[in-house]
Amino acid sequence: MTPWMRGAVLAAPLLALAMPALAADEPKLDAGNTAWMLVATALVLMMTLPGLALFYAGMVRKKTVLATMMQSIFVAALIAVTWMVAGYSIAFGNGGLYFGDFSKVMLSGINWNGPFILGAGLGGESEVATTIPETVFVMFQMTFAIITAALIFGAVADRMKFSAVCLFIVPWSLLIYSPIAHAVWHPSGLIWAWGALDFAGGTVVHINAGVAGLVACLVLGKRVGYGTDNMSPHNLGLAMIGAALLWVGWFGFNAGSALAADGRAGMAMLVTMIAAAAGTLTWVFVEWATKGKPSALGAISGAVAGLVAITPASGWVFPGAALVIGGSGGIICFWASTALKKMLGYDDSLDAFGVHGVGGIVGALLTGVFAYGMLYKTDDAEAALAYSGLLYGNPDMLWIQLKSVLVTVAYSAVGTYILLKIVDAMVGLRVSEDEEREGLDVTQHGERLG
Amino acid sequence: MKLVMAIIKPFKLDEVRDALTPLGIQGLTVTEVKGFGRQKGQTEIYRGAEYQVSFLPKLKIEVAVAAELADAVVEAIAAAARTGKIGDGKIFVLDLDRALRIRTGETDGSAL
């Protein structure tokens with residue numbers, strides 16, 4: 001028996017205590033769970049506002065700080081309304097393999113005063129009972145839709161028209177984000193049916209946003225002066241604050257994805273912290289060894305890379321695995337953002353793909369190695385096997401995870417490309433060269449940062 | 001009258017000020033500037049992207065003094081701002097035609 005497994009056996013009775021409430025015939029709202037999910041939701045929104053806004057804005061040049069922040073705050077507002085109108089229904093309506101339905105358009109008929117059942121009406125095993133109201137579930141998931149959309153624009157910083165940002169992101173959220181969320185997180189979804197594991201959004205959020213960012217920066221092309229002009233970050237202090245808010249907010253993101261205040265949420269929080277720390281250490285040490293200096297930007301990049309990598313695995317793995325997953329995230333994302341980007345020559349300005357896309361893939365695959373199903377099926381070792389990875393006797397899981405990664409990459413890439421081409425034909429994606437040199441702040445928004 | 005203009009390392013400002021006070025200097029103007037001299041630039045690296053930064057931050061001090069005080073001021077600044085390492089800066093002395101204190105209307109020597 002490995003030390004990790006001993007830990008699980010010790011934890012199992014604690015988890016089992018929570019089970020009767022869930023298994024009872026008439027599930028009720030649970031005050032503790034609901035309270036935690038309200039807080040977790042606020043934490044995830046804090047990742048975008050102001051976390052991502054500061055993280056990204058600190059890394060751009062002074063002339064596009066406000067435009068970059070608008071790509072977080074305005075997009076947040078836009079996606080909130082999009083989610084309310086149809087995004088939620090497409091993602092979490094019952095529907096089919098790829099797409100929900102329109103039964104909850106305008107959030108009609110959501111159960112505000114009773115426990116939410118995901119997939120209600122599907123019957124039997126397919127229904128996932130929670131003890132939180134649907135309003136909180138809608139809100140929690142909305143904050144995921146928001147950050148996924150906002151992440152993309154790091155790849156095209158400094159050069160995308162604001163009108164194009166708006167025209168692109170609404171259909172992207174409805175036609176790319178919501179269907180992938182449905183396929184992965186809804187019991188009637190395709191990737192759910194395969195048995196793929198994505199606890200908090202490795203495929204849905206990070207691979208999806210990272211790949212969309214990569215496609216967008218390829219379609220838009222490089223920034224004017226890329227490779228010759230000095231494009232150093234104007235204020236890494238802001239980026240540092242933003243990354244720290246992301247780090248803290250991530251506890252809501254990952255531990256909140258348990259949808260309850262239970263042992264699994266606690267484990268998710270613990271492994272999130274360990275992976276973030278491991279990513280910070282590996283990125284900085286590798287950078288120190290290969291580039292000569294341990295940088296502050298490297299530290300925050302490594303933290304985010306570790307956090308991205310643990311996202312699909314949190315809730316499925318133990319602390320030892322988190323050390324490996326976060327550490328691998330730091331090293332591989334460092335390589336992707338420095339060497340791979342240079343080798344292939346694309347201008348992913350703030351490394352949306354290099355950190356989120358690549359880190360998401362690393363995390364999804366390693367979940368297929370380290371997942372320990374008894375964190376979920378706490379009392380049934382046989383049933384738990386179907387939720388375990390390579391290391392715990394289920395080598396098929398690695399293949400399932402790889403399939404889920406490939407489908408997400410392909411769907412996101414093709415869909416993003418088509419939407420960008422349509423928006424390009426409508427209003428043009430990119431500002432003129434003169435406007436780009438002048439900066440998006442003054443040309444798109446009529447403002448200047450001091 | 002002379003205008004003494006000195007380009008110094010930013011962290012030497014307080015020492016320079018302390019060196020000038022005993023000479024009876026009543027005021028000076030400080031500006032943050034960038035420039036290059038024999039001290040070449042530095043390399044900055046952001047996620048693997050390397051930038052040669054050829055203009056380094058310095059401070060420019062301007063002091064208007066009576067002509068006979070100029071040499072003492074130059075020596076005081078030079079002594080206080082020197083580290084002996086490359087990049088210590090330079091001092092220039094210019095002729096000054098007129099001076100006027102805006103509040104009182106005093107001119108030239110009494111305006112300094």
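This is a predicted model: local features need pLDDT of at least 70, side-chain atom pairs count only at pLDDT 80 or more; totals for chains, interfaces and linings use all residues.
Q: At what angle do α10(A) and α12(A) pack, and how far apart are their axes?
A: The angle is about 40 degrees, and the axes lie 7 Å apart. α12(A) spans residues 352–370.

Q: Is that pair parallel or oblique?
A: That angle makes α10(A) oblique to α12(A).

Q: Which residues meet there?
A: From α10(A) come Ser301(A), Val304(A), Ala305(A), Val308(A), Ala309(A) and Ile310(A). In α12(A) they meet Val355(A), His356(A), Gly359(A), Gly360(A), Val362(A) and Gly363(A).

Q: How does that contact divide by class?
A: Between α10(A) and α12(A) there are seven nonpolar, five polar and no charged residues.

Q: Turning to α2(A) and α3(A), what is the geometry?
A: Helix α2 of chain A, residues 31–59, packs against helix α3 of chain A, residues 65–92, at an angle of about 155 degrees. Their axes are 9 Å apart. Angles over 145 degrees count as roughly antiparallel, so α2(A) is roughly antiparallel to α3(A).

Q: Is the crossing of α2(A) and α3(A) left-handed or right-handed?
A: The crossing of these two helices, α2(A) and α3(A), is right-handed.

Q: Which residues make the contact?
A: α2(A) contributes Thr48(A), Leu49(A), Leu52(A), Ala53(A), Tyr56(A) and Ala57(A). α3(A) contributes Val65(A), Thr68(A), Met69(A), Ser72(A), Ile73(A) and Ala76(A). By class, the contact of α2(A) with α3(A) has nine nonpolar, three polar and no charged residues.

Q: Now the two chains: how many residues are in contact?
A: On chain A there are 12, in contact with six residues of chain B.

Q: Which helices of chain A supply at least two residues each?
A: These are α10 (296–310) and α11 (319–344). The largest share of the side of chain A that touches chain B, three residues, comes from α11(A).

Q: What is the class make-up of that side of chain A?
A: The side of chain A that touches chain B has two nonpolar, six polar and four charged residues.

Q: And chain B itself, what elements does it have?
A: Chain B has two helices and six strands. From the N terminus on, they run β-α-β-β-β-β-α-β.

Q: Is chain B compact or spread out?
A: Chain B is more spread out than a compact globule, because its radius of gyration is 17 Å, well over the 13 Å that the globule rule gives for 112 residues. Its C-alpha atoms fill a box of roughly 60 × 30 × 20 Å along the principal axes.

Q: What percentage of chain B is buried?
A: Buried residues make up 17% of the 112 residues in chain B.

Key. Residues are numbered from 1 along each chain as its sequence is written. Chains are lettered from A and ligands numbered from 1 in the order in which they are written. Two residues are in contact if their C-beta atoms, placed from the backbone, lie within 7 Å. Helices (H or I, at least four residues) and strands (E, at least two) are DSSP runs, numbered from the N terminus. Ala, Val, Leu, Ile, Met, Phe, Trp, Tyr, Cys and Pro count as nonpolar, Asp, Glu, Lys and Arg as charged, and the others, Gly among them, as polar. Axes are lines fitted to C-alpha atoms, for helices over the stretch in contact, and angles run from 0 to 180 degrees between N-to-C directions. Angles under 35 degrees count as roughly parallel, over 145 as roughly antiparallel, 65 to 115 as roughly perpendicular and the rest as oblique. A crossing is left-handed if the near helix is turned anticlockwise from the far one by less than a right angle, and right-handed if clockwise. The radius of gyration is taken over C-alpha atoms; the globule rule is 2.2 Å times the number of residues to the power 0.38. A residue is buried if 20 or more other C-beta atoms lie within 10 Å of its own, exposed if 12 or fewer, and partly exposed in between; C-beta atoms are placed from the backbone.
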